[in-house]
Amino acid sequence: MDNLNNLIEGFGHILTPINLLYAFVGVTVGTAVGVLPGIGPAMTLALLLPITFGLDPTQAMILFCGVFYGGMYGGSTTSILLNTPGESSSVVTALEGNKMAKAGRAAQALATAAIGSFVAGTIATLLLAFVMPQVVAFAIKLGSPDYLAIIMLAFVGAAAVLGSSRIRGFASLLIGLAIGIVGIDRVTGQQRMTFDLPQLADGIDIVVVAVGLFAVGEALWVAAHLRRKAGSVIPVGKPWMGREDWRRSWKPWLRGTALGFPFGAIPAGGAEVPTFLSYVTERKLTKHPEEFGKGAIEGVAGPEAANNASAAGTLVPLLAIGLPTNATAAIMLSALQGWGLDPGPLLIEKQPVLVWTLVASLFVGNTMLLLLNLPLAPAWAKLLQIPRPYLYAGILFFAAMGAWTVNGQAFDLYLLLAIGLLGFAIRRFGFPVLPLIIGVILAPIAELHLRRSLQLSHGDLSGLVGGPVSWVCYAVIAVAILWPLIARLIRTAGGNGGPGSGPGQHTTISTEASA
Amino acid sequence: MSDQTPGVTPDRDPDPSPDRTGAAGQATTSGDRAQYGMCAALAVLGIVLIVDATRLAPMQTSNDPMGPRPVPIVLGILMLVVAVLYAIDIRRGGVGASDEGEDVDLTARADWKTVGLLLVVFGVSAALIEPLGWVIAGSLLFWGCSFALGNRHHIRGLLIGIAISLITFYAFAIGLGVNLPAGILQGIL
């Protein structure tokens, strides 16, 4: 039981006052930004990045994961009490949760969301502790061609599988990759896409990209469409659940966890698909089908559990192979790179204290979140009354500060504004943001593995297909790309050959990873 | 998501405000033509990638048989392909669903005056950080942005701006050693 020993050791490290403080600050900030409209965990992490480069990596990662988990809790409060969900992962929660709140059952909706998140988060973190070392043991044998294939799979997954339009997904990915290659080529020292600007020679700093996309882009987008009349927040007392609510909630929690964890862990996972699947499952299995659409507690319990379980699932590929599967994880990855740690299978070997303290901090943070959210939900809901001009002015203020601290030059702020306009454009035209940020962060790593693979094969392209892993990845990629064609063939073969219903409209839920 | 104001169509906004340009309104019956602009931008970016890559010296060594050129060239070609497919999709009436959010009201036309004002305030503040220092530029940034977003309590906005500028300056610049300039207030702060 090596993992268990490591985990217990991790608990030993997390239970120091200073680490507990970082966890507490993280979950508090996370809940606040989850509740606040317009701000999400990804934006918060982007804004915190420049400040945390001065911190100890372990403590900063504890802070980050606290924000990540806290954002999941806070997001559900908003979607239950104010019908419009901010986090893309809590879209489904709003379906039944807001109906419950309107029917006077806000307290129960909040309770099943918070307790379900706690149950799911705890089980999923336990799964993380046992699954991650297995993945590491597998990943450590992989070579550059395999890594390249896995990264390509993550690219195609983010661009083609999620979202409603594959073309827009791929466009978004390519923009990200183009931003990612700006700067001096590490191998030959030549400048690419720098237009002879010395400020671009080191590439565009990830802080500027992330803050521009998530903070400035979001603020400009909201500014263009600011709701002049704020949505009405449903008043709520202290969350509680009756015996009947418990009886109806516990199975959806467990089913949601089972759906959320694996989906969080795969490339192109994230929380949108499992929350949606959980909702559909609960609607099918419920003994109260008449309540669905009018506020069924199962429709809140399942998706909320799936949501939190997927957060833990996301950390498996991030910590084990250095592969981010959502925007928040992508920023955590760039933070790890910023500290000079090499995210990948060697991380757990070189930084065991960081990894296991982090895992232990998730248990602690989850417990803190339950205590913060259950009794204090009415207080958090008050955050929704903050005047919007101050909220978005504040976001722009911290965005400017974050970008300035990178290099201390006004150039970065103009660049920030340009990327903010790009963020505005992708929101306006319905491009998903996830492929873009993953493209920016993984472009240099992908090119590194590509060149290393070709170096090993002396320039022979066959060197790109290493072992079974890369074969499987490329097969999945081929199916994903050719899916509209395959679907059409199946349909015509089935005999009911109507005209193909346009390219790639196979998901019904929007997956724009909101900042 | 799906249950939001189904009855209100964007073009029936009863109160047309003077600053509407219509360029970024909702999808109209004739399709969302502004998408062609985005499509053109993608094509331009593709061409820039290719042109920039051809300018590079084709350094290939046994250590690096690929050199720095193929990746941007492939990206540029893919970008052009995607731009063409995107144009076809737009022609067929494809529309990307605009992002929603708690504070986003997509039934109203885009408010370009607010966005423009924010860009100006942000740009001016960015230029002032170096000469005037973080506290003054940051206060102006906060006050200006909240004004652009509709805040009319000028004194309160300015006071909050000064407060968070001072707090961030002391907490991050003095406390954590983050790089924020004192500017003309050097020696006073």
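I started with the contact between the two chains. Chain A gives 80 residues to the contact and chain B gives 85. This is a predicted model, and I read every entry below with that in mind.

Next I looked up the area. About 7,200 Å² is buried between chain A and chain B. Carbon and sulfur atoms carry 69% of that area. I then asked which residues of chain A lose the most area to chain B. They are Y390(A), F397(A) and W404(A), which together make up 11% of what that side buries.

I turned to the polar side of the contact. I counted five salt bridges between chain A and chain B. I looked at the one that joins the side chains of R451(A) and D64(B), at 2.8 Å from N to O. For polar contacts between chain A and chain B, the count is 17 residue pairs, both residues at pLDDT 80 or more.

Which elements of chain A supply at least two residues each to the side that touches chain B? I noted α5 (91-102), α8 (166-180), β2 (191-192), α9 (206-224), α16 (388-407), α17 (410-428) and α18 (434-456). The largest share comes from α16(A), with 15 residues. I also sorted this side of chain A by class: 49 residues are nonpolar, 18 polar and 13 charged.

Last, I checked helix α15 of chain A, residues 352-381. Where does α15 bend? The bend is at P375(A), by about 70 degrees. I also looked at how covered α15(A) is. The helix is mostly covered, with 21 of its 30 residues buried.

Note on methods:
Residues are numbered from 1 along each chain as its sequence is written. Chains are lettered from A and ligands numbered from 1 in the order in which they are written. Side-chain values use heavy atoms; hydrogens and water are left out. Contact means heavy atoms within 4.5 Å. Buried area is the accessible area (1.4 Å probe) that two parts lose on being put together, summed over both. A salt bridge is a side-chain nitrogen of Lys or Arg within 4 Å of a carboxyl oxygen of Asp or Glu. A polar contact is a pair of N or O atoms within 3.5 Å; within protein, one must be able to donate a hydrogen and the other to accept it, and residues adjacent in sequence count only if both atoms are side-chain atoms. Helices (H or I, at least four residues) and strands (E, at least two) are DSSP runs, numbered from the N terminus. Ala, Val, Leu, Ile, Met, Phe, Trp, Tyr, Cys and Pro count as nonpolar, Asp, Glu, Lys and Arg as charged, and the others, Gly among them, as polar. The bend at a residue is the angle between axes fitted to the seven residues ending there and the seven starting there. Buried means under 20% relative accessible area, exposed over 50%, partly exposed in between (1.4 Å probe, protein chains only).
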